[in-house]
Amino acid sequence: MDLPHFDSLEGSIKTDILIVGGGMAGILCAYFLKGQGVDCTLVEGGRICSKNTRNTTAKITAQHGLIYDKLIRSRGTEKAQMYLNANQDAVRKYAELCRNLDTDWEEKTAYVYSADNRKKLEKEADALRKIGFDAKITEEADLPFRVAGAIGFPRQAQFHPLKFIAQIAEGLPVYENTFVKEWKDHMAVTGRGNIVYKKAIFATHFPIDNKHGMYFLKMYQERSYVLALLGAPKPDGMYIDEAEGGFSFRSFKEFLLLGGGTHRTGKCGGKWEKLREFAALHYPGANIKYTWAAQDCMTLDKAPYIGPYSRNMPDCYVASGFNKWGMSSSMAAAMILTDLVLERDNPYKDVFCPSRNMIKPRLFLNGWEAFTNLLTPSKKRCPHLGCALKRNSEEESWDCPCHGSRFDDRGKLLDNPANGDLDAGKHKPV
């Protein structure tokens with residue numbers, strides 16, 4: 001898919017709204033702001049949508065696993081209702097934008113299934129009914145094995161994200177290959193010029209400023225894997241297992257996209273091997289045509305961080321922690337942040353506020369992971385905060401189990417939050 005090309009920044013500029021990060025969330029922010037006549041500029045360190053947006057399975061849905069029962073128990077019915085409405089609005093906004101675009105748009109029902117725990121599904125269905133969603137459990141799942149049941153969200157969708165980006169990004173104020181290597185008060189420093197801004201949006205997958213917001217404690221990252229199978233039966237809907245380590249299924253044209261093998265970045269996990277074993281068992285006549293992997297930022301309470309970056313960074317905003325639901329979350333983030341930077345109220349801002357209470361068990365696990373890896377002897381250490389890197393032999397990379405930065409064998413940065421290559425010393429921590 002040919003995406004539009006943009007020049008690199010040459011010289012210093014001023015802008016009202018600076019957007020850092022050219023994935024789906026950043027591009028949508030630029031699209032909405034430009035559409036309202038706002039002076040904005042987006043900078044991307046490489047090519048737009050070349051990483052996580054490129055590797056998504058592109059399900060557009062408000063069905064994010066069994067999240068609504070958890071949200072009601074941890075944050076109350078009102079916040080759970082906000083979360084549902086924000087993501088349903090995101091689905092509808094994509095549908096509106098894609099109506100006159102060539103994006104391979106397909107309306108689908110999104111299902112969360114359980115292989116053996118119907119009680120979990122019953123709790124989730126009860127939670128959904130409390131917030132006005134008419135949830136029903138079905139035993140009929142278009143899958144190659146029996147399930148205890150599944151909850152469906154009708155009128156969700158799947159599409160081709162790069163086809164979508166190729167059309168909405170044309171003419172946007174974007175600079176590619178423009179790496180922000182240092183952050184100062186109302187100024188971003190790049191290799192070939194500075195950008196003075198009034199307000200800024202960080203849409204960099206993992207936030208790049210370490211000094212504020214404590215995002216390195218409030219998030220961790222996971223790898224997940226996909227096989228594109230040819231010759232396998234294709235489900236009519238989009239399916240995901242409620243259990244950790246389960247599988248996801250959706251079709252694309254003649255392919256079945258089988259996902260799974262998830263593990264914390266820098267740790268052991270099923271990877272593609274688990275998917276290959278599953279495919280050999282359940283789809284023995286299918287051929288594996290393509291493989292790829294994705295990386296996701298995971299938050300402490302399974303809701304993204306969308307809103308003010310921190311109290312100590314005035315006029316800065318963040319969109320991160322999409323928990324494997326990057327498409328709907330990117331749209332929700334872009335709509336919320338557009339309102340916030342333009343000083344308009346948004347009905348969903350409170351449920352995603354990054355400064356919400358984060359005293360959760362995972363917070364202490366993240367801290368312990370960082371502590372133990374800082375003490376682990378290793379010649380290769382992550383330039384982000386100094387953790388010991390682990391060899392990922394299947395993907396031929398060096399991965400950080402603390403915060404998820406990844407590097408190739410030459411030391412080139414593959415995934416942030418590290419803000420530069422392993423040994424080149426080109427970039428200072430932001």
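Biologist: How many aromatic pairs does the structure hold?
Modeller: There are 24 aromatic pairs in the structure. Rings of Phe, Tyr and Trp (its six-membered ring) pair if their centres lie within 6.5 Å.

Biologist: Why is the pair of Tyr68 and Tyr83 called edge-to-face?
Modeller: Planes under 30 degrees apart count as stacked, over 60 as edge-to-face and the rest as tilted. The planes of Tyr68 and Tyr83 stand at 70 degrees, with centres 5.8 Å apart, so the pair is edge-to-face.

Biologist: What kind of model is this, and which cut-offs apply?
Modeller: It is a predicted model; local features need pLDDT of at least 70, side-chain atom pairs count only at pLDDT 80 or more, and totals for chains, interfaces and linings use all residues. Residues are numbered from 1 along each chain as its sequence is written, and side-chain values use heavy atoms, leaving out hydrogens and water.

Biologist: What is the mean pLDDT of the protein?
Modeller: The mean pLDDT (the predictor's confidence in each residue, from 0 to 100) is 92. Of the residues, 96% reach 70 or more. Over residues 425–430 the pLDDT is below 50.

Biologist: What makes Tyr68 count as buried?
Modeller: Buried means under 20% relative accessible area, exposed over 50%, partly exposed in between (1.4 Å probe, protein chains only). Tyr68 has 0% relative accessibility, so Tyr68 counts as buried. Tyr83, at 2%, is buried too.

Biologist: Which residues touch the most other members of the largest nonpolar core?
Modeller: Tyr68, Phe164, Ile165 and Ile201 do, in a core of 78 residues. α4 gives the most to this core, with 10 residues. A nonpolar core is a set of buried Ala, Val, Leu, Ile, Met, Phe, Trp, Tyr and Cys residues joined through side-chain atoms within 4.5 Å.

Biologist: Why is the charged end of Lys380 said to sit over the ring of Trp398?
Modeller: The rule asks for NZ of Lys or CZ of Arg within 6 Å of the ring centre and within 35 degrees of the ring normal. The charged end of Lys380 is 5.3 Å from the centre of the Trp398 ring. Lys218 lies over the face of Tyr215, at 4.5 Å from the ring centre.

Biologist: Is His384 buried or exposed?
Modeller: His384 has a relative accessible area of 6%, so His384 is buried. His384 lies in the loop between α11 (361–374) and β18 (390–392).

Biologist: What joins the side chains of His384 and His403?
Modeller: A polar contact of 3.2 Å. The term covers a pair of N or O atoms within 3.5 Å; within protein, one must be able to donate a hydrogen and the other to accept it, and residues adjacent in sequence count only if both atoms are side-chain atoms.

Notes: Contact means heavy atoms within 4.5 Å. Helices (H or I, at least four residues) and strands (E, at least two) are DSSP runs, numbered from the N terminus.
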